[in-house]
Amino acid sequence: MPESIQIRNNDFNIRTWYLNETEEELKNGILLNSSDEMKLSFISNLKRRKVFWITRRLAQAENILQIDYTKKGKPFSKERKISISHSGNWIGMMTSISFETGIDIEYPHERIHKIKNRFLTLEEKNTICTD
């Protein structure tokens with residue numbers, strides 16, 4: 001069973017997943033369409049393959065049948081507005097029927113302290129451990 005968080009309201013849904021399964025466990029019960037099978041065939045890195053399987057699991061939980069990508073790599077679907085992020089072993093997906101979404105997961109590391117002023121509010125900065 002994955003470690004996960006789900007947040008739902010009338011405007012958006014957020015789902016996260018902590019990766020700790022084998023690829024075989026992640027593949028279990030997921031049927032891919034031909035487009036996804038082709039995308040997966042080009043991914044040789046095991047962790048990237050696992051992230052692929054998890055995003056498909058999260059998408060199916062939101063009744064998203066297919067995820068495509070723009071030339072710049074932004075995910076989209078016909079069913080919902082979608083945003084996907086991953087960092088470390090965390091994968092997140094935010095979806096909405098009515099508006100564009102955005103999710104960004106960043107695993108805490110030393111570099112975050114160097115760039116925190118670019119994207120964190122004062123309240124968020126105060127919650128980051130500086131040790």
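Trainee: In what order do the elements of the chain run from the N terminus on?
Mentor: The order is β-β-α-α-α-β-β-β-β-α-α, which comes to five helices and six strands, where helices (H or I, at least four residues) and strands (E, at least two) are DSSP runs numbered from the N terminus. This is a predicted model, in which local features need pLDDT of at least 70 and side-chain atom pairs count only at pLDDT 80 or more, while totals for chains, interfaces and linings use all residues. Residues are numbered from 1 along each chain as its sequence is written, and side-chain values use heavy atoms, with hydrogens and water left out.

Trainee: And how much of the chain is buried?
Mentor: Of the 131 residues, 36% are buried, meaning under 20% relative accessible area, with exposed being over 50% and partly exposed in between (1.4 Å probe, protein chains only).

Trainee: What does the C-alpha trace span?
Mentor: Along its principal axes, the trace spans about 45 × 35 × 30 Å.

Trainee: Changing topic, where is Asn-63 found?
Mentor: Asn-63 sits in the loop between α3 (46-61) and β3 (68-69), and its phi is near 60°, a positive value in a residue other than glycine.

Trainee: Is Asn-63 buried or exposed?
Mentor: Asn-63 is exposed, with a relative accessible area of 58%.
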